[in-house]
Amino acid sequence: MPIMKTILPSVLCVLSALLFYSPLFAEETPAETSTGKKPNILWLTCEDIGRHLGCYDFPTAQTPNLDKLAQRGMKFMHAWSNYPVCAPARTTIITGCYSAALGAEQMRSYVPLPKEVKMYPHYLRQAGYYCTNNNKTDYNAYNQDDRREISCWDVSNKNAHWKNRKDGQPFFAIFNFVVTHESQIRNEHKLKRNPDLTPVPKYHPNVPEIRRDWTQYHERITEMDAMCGEKLKELDEAGLTEDTIVFFFGDHGSGMPRNKRTPLDCGLGVPFLVYFPPKYQHLAPEGYKADGTSGQLISFVDLAPTLLSIAGVEPPAVMQGIPFAGKYANKRDYVFGFRGRMDERADLVRSVSDGRYVYVRNYHPEIFYGSRNDYMFQTRSTQVWRELYDAKKLPPEQSFFWKLKPIEELYDLRNDKDEINNLADKPEYSEIKQRLKTALRENILKIRDVHFMPENMLHARFGDSTPWEFGHNEKQYPLEKILDAAEMATDRNFPIARSISGDGTGRRFWGMTGISVLSLDTEPAVRYWAITGMLLRLADTAGEDGTQPTEKTAALFARWKRLIEDAFNDNDVSVQIVAAEILGRYGDTESDVRRAAVLLLQHAASDSPYTAWYALEAFDRFAFRCKDKGFNEQIEKLNGDKFEGKIGAVFPKIIESIRKQIL
């Protein structure tokens, strides 16, 4: 008994210490259950689909399997892809970094990643996961030590499957369904539903061809839903449902025109469903419950860090997203959208949403949303829509797509789900607009968005490094200065130059202000924006789409001829190309048009695919003014076959467009 009295306090002290410090020695992490097992993660993804599911209360949806998944799990109402086309959207997903920061925004581009940016399967595999992708990649970026898109996966092909993992190994598996892709809207398909019952958004003409395409799109969604059902059944039959976290989402909005390629909610908003089994609900997003609905903002740049967070891995600081689930979960206040080059057609648009409002800043207002992208025009809806516009048979909300863009757009999603009522110029919305505008600018600067430099200039200047490294070097890339130039030059109220008073003696002289000052800057990207600002103002005087010069166009051209000539002789190719486009489109003599064509065709023969494409696109905008068969002979000699990488694919269609105009 005396011995027990002596030993017992010591034993109790040791036991208390062990209980207190046991978490330090436990093998399990917050990503594990009491058994120490990490969750499996299944992604069911598809292409070109908006929130057109039954669980989102879409009236004609037939999606029983996904509706059931939503009942078991939770749906998000404000999930945004960052890009309204697949390759840059997928590049953002796989890296956890904005494609605009990687230099990978442009569709059909292929840029090197810096060493510090790894694709997320790299981290999951280090954490013990078996990672499979079935089977789309289509990234716009590559690891410098291995250019294969599939190198980050254990298996990436049409046979990739979780079942081939080691016994007891957790898996991360993607199954991507292409049946909803834009291309599937326009192929031969016997409709099962009455197209007259299909709702059509207000921005589209309600005509048979467009109703048919929307109907076929909805039927493809039903097919995709059945495919998802098969995978969920397979998971259940394998006894893995309660060990697996399931995500479902699309890669961006529907493949219909003015959805895909448009950085509004209609092009970026996607269905997003998650299911967390009971044993892993401590990893679920805040407020998670069965048959729940979340207003939390989800951005595609968040997906990679969220995966790592669920797996118990701290996302690396280089990732620009915010995990919305798992150990490191947090929330965001805004989601951001981007639009760059769409195949053979350039643009630069940035957007932001707080879940209710969408603010858009167009940095190329002289380029309308419906610019002739060959792939988009293969859809019958696009063709009919343009035909009706040309015939002047459309109301304003259906004509907007084919006109020069406003500088700013602002939409209230609660009261205007089709985004047709632009509130940007209404005084009562000024505070909302300014808040979103400020958030957008801060994000551009924070992520180091490299695409405020034209694509060919960027590729010429990042040299042996990467666009990311170049963009993060303030001396090489003075982003704030360039962004200021872009915002001023593309503001229609910003002056070119004006006359000012002198020294009080009555003398007057010319003072340089506004764009005139920008055009003298030592930074080529600033000069590029200066000449782009002149192009915008000339386009504004030349009809709704900027192609029909007027007397006012001629007067402005004559007034600014000296500045345009200076830009034409600039030592930077990008500045020269914009100046040549101005001469070709709005020059008042045959000599102007010829000089412009000669210079652009010289650049079109460049060994740089980006310079060659950029020159060809500029030429395409005024090729109808060039009737010299000699130009056609030069065009026939051009092709993109000599260029490696994906950008070579953009050349055939733009060359064909130019040849048709000259002939």
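Predicted model: local features only at pLDDT ≥ 70, side-chain atom pairs only at ≥ 80, totals over all residues.
**Helix pair H21 and H23**

I noted the crossing of H21 and H23 as left-handed.

Next I listed the contact residues. H21 contributes Pro609, Ala612, Trp613, Leu616, Glu617, Phe619 and Asp620. From H23 come Phe651, Ile654, Ile655, Ser657, Ile658, Gln661 and Ile662.

**Salt bridges, total**

How many salt bridges does the structure hold? I found 50. I then went through some of them.

**Arginine 51 and aspartate 265**

The side chains of arginine 51 and aspartate 265 form a salt bridge, at 3.0 Å from N to O. Arginine 51 sits in the loop between strand S1 (40–46) and helix H2 (64–72). Aspartate 265 belongs to helix H8, residues 265–268. The pair therefore ties together parts that are 214 residues apart in sequence. I also checked burial: both arginine 51 and aspartate 265 are buried.

**Glutamate 455 and arginine 341**

I looked at glutamate 455 next. Its salt-bridge partner is arginine 341, with the closest N and O atoms 2.8 Å apart. This pair links distant parts of the chain, 114 residues apart. Glutamate 455 is in helix H13 (residues 455–461). Arginine 341 is in the loop between strand S11 (335–339) and strand S12 (349–353).

Are these side chains buried or exposed? Glutamate 455 has a relative accessible area of 5%, so I put it down as buried. Arginine 341 comes out at 1% relative accessibility and also counts as buried. The cut-off I applied is under 20%.

**Glutamate 565 and arginine 595**

Glutamate 565 and arginine 595 meet through their side chains in a salt bridge, at 2.9 Å from N to O. Which helices does this pair tie together? Glutamate 565 is in helix H18 (residues 551–568), and arginine 595 is in helix H20 (residues 590–604). The tied parts are 30 residues apart in sequence. I checked the accessibility of arginine 595. At 28% relative accessibility, arginine 595 counts as partly exposed, because the value lies between the 20% and 50% limits.

**A network**

Last, I looked up a group of linked charges. Asp48, Glu182, Arg186, Lys260 and Arg261 are joined in a network of salt bridges.

Key:
Residues numbered from 1 in each chain as written. Heavy atoms only, no water. Salt bridge = Lys/Arg side-chain N within 4 Å of Asp/Glu carboxyl O. Helix = DSSP H or I, 4+ residues; strand = E, 2+ residues; numbered from the N terminus. Buried < 20%, exposed > 50% of the residue type's maximum accessible area, 1.4 Å probe, protein only. Left-handed = near helix turned anticlockwise from the far one by under 90°. Contact = heavy atoms within 4.5 Å.
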